[in-house]
Amino acid sequence: MSDVMDAAVMHGPGDIRFEQVPRPQCPGGGFVLRVDAVGLCGSDIRNLTTDSRRGDYPHIYGHEVVGTVAEVSSGVTAYEPGQRIYVYPEAHCLRCDYCRAGHHEHCTDVESYTTRPGGFAQYIAYTAKRVERGATFTLPEGVDPVRASLAEPLSSTYACVENINVRLGDTVAILGAGPIGVFLAVLSRMRGASKIILIDVAQERLDRSLAFDIDHRIDSDTVDPVEEVKRLTGGLGADKTISANPTTAGQQQALAMTRPCGAVVFFGGVPEGALTEIDSNAVHYNSLLIRGHYGANSMQVQRAFELAIDPVFPAEKFITHVLPLGSIDEAIDLARSGEALKVVLQPNPEKE
Ligand SMILES: [Zn+2]
Ligand SMILES: [Zn+2]
């Protein structure tokens, strides 16, 4: 096996070079994965195009990884060469207070994926700590690794709709028609929501969502989304509203379009330091529940994987582009423009 590999290496904000780097050595007690598919996430785009590491470059990002075990350290029995797995990017300790309370996403001893080289490369190494903690899932025979890579972005959206108990008869409004917003819409429908309203400032993204079973689409660039949601709900507003976009305006609109006793979720992060002005009297008099959302607990991670690989889940409609890793710049443009819904990269040529 060659001791170099292809990788998409970030040398600075927006400076991503497809180049050859040393292939990672197998860590003692760990294993090396040949990357079959790696999704391009909105957070990857933000990290790759801003000074996300405060000058600490070069770095390889990529956290939606599915691959084939290529090398295993002696003594490791949990994995064997040839086994195809999905690796959840964070390995929870399962021992801290949050883990024991079922909130693994707030693990205080998490092995974070941002500290080590990621999956925008032909190979990725995992340490003994990962072997000990797991959070890897074996793909059944015949499951497409590209489809399985959706398990990662699906996990947090799966957790969100479960945590706020989207249920039969609910009206759900979602601000943001990127992949996350559309995941939330599809999952809300699966859970029985009767009316799903998808809102975005870009008509192009709304058009992309036409492939999915969504009841109403609102272009908030031309129509007041609060008025429109009220109109579509007989003046009441949505039962559950999820802000899945990076703006403070979206969070304000979410509050204003939710009916009394409804729930509002701040799913998408806003730029660091940005503050959202809130009419706290409206929250008070309308008995609104505001909650944040981040990540998923270990069981939700597992169930999201099981759903991603289940034929009942319309993965093929989400994955609009599959490109070789060398086309990462094009992939970023496609995702940013809204032309692509979800782009998955393949660092290695597909095996027959
Ligand atoms: Zn992701
Ligand atoms: Zn923990």
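Predicted model: local features only at pLDDT ≥ 70, side-chain atom pairs only at ≥ 80, totals over all residues.

Trainee: Ok, so which residues of helix 11 are buried?

Mentor: In helix 11, which runs over residues 298-308, they are Ser298, Gln300, Val301, Ala304, Phe305 and Ala308. Looking down the axis, these fall within an arc of 165°, so they line one face of the helix. The arc is that of the directions from the helix axis to the C-beta atoms.

Trainee: And what do those buried residues pack against?

Mentor: Strand 5 (84-87), strand 7 (136-138), helix 4 (145-148), helix 5 (151-163) and helix 12 (315-318). Helices here are DSSP runs of H or I with at least four residues, strands are E runs of at least two, and both are numbered from the N terminus.

Trainee: What does Ala308 touch?

Mentor: Beyond its neighbours within four places in sequence, Ala308 is in contact with Arg147, Ala148, Leu150, Ala151, Leu154, Phe313 and Ala315. Contact means C-beta atoms, placed from the backbone, within 7 Å. Ala308 is also one of the residues with the most contacts inside the largest nonpolar core, along with Leu33, Ile174 and Leu184.

Trainee: How many residues are in that core?

Mentor: It has 99. A core is a set of buried Ala, Val, Leu, Ile, Met, Phe, Trp, Tyr and Cys residues joined through C-beta atoms within 7 Å. Helix 6 (residues 179-190) gives the largest share, seven residues. Domain 1 (4-150 + 313-346) and domain 2 (155-292) both contribute, so the core lies between them. Those bounds come from an automatic or database domain assignment.

Trainee: How far apart are the centres of domain 1 and domain 2?

Mentor: 29 Å, taken over C-alpha atoms. Seven residues of domain 1 are in contact with eleven of domain 2.

Trainee: Switching to helix 13, which of its residues are buried?

Mentor: Ile328, Ala331 and Ala335, in a helix covering residues 328-337. Their arc around the axis is only 50°, which puts them on the same side of helix 13. Arg336 and Ser337 are exposed on the other side.

Trainee: What covers the buried ones in helix 13?

Mentor: The cover includes strand 1 (4-12), strand 2 (15-22), helix 1 (42-49), strand 14 (319-324) and strand 15 (342-346). After helix 13 comes Gly338, with a positive phi near 90°.

Trainee: Last one: is Arg23 buried or exposed?

Mentor: Buried, with 20 other C-beta atoms within 10 Å. Arg23 sits in the loop between strand 2 and strand 3 (31-39). Not counting residues up to four places away, Arg23 touches Ser2, Asp3, Val4, Met5 and Tyr123.

Trainee: And the big picture?

Mentor: The chain has 13 helices and 15 strands, and 47% of its 352 residues count as buried. Of the contacts between residues at least 6 apart in sequence, 67% join residues at least 24 apart.

Terms used:
Residues numbered from 1 in each chain as written. Chains lettered and ligands numbered in written order. Buried ≥ 20, exposed ≤ 12 C-beta atoms within 10 Å, placed from the backbone. Contact = placed C-beta atoms within 7 Å.
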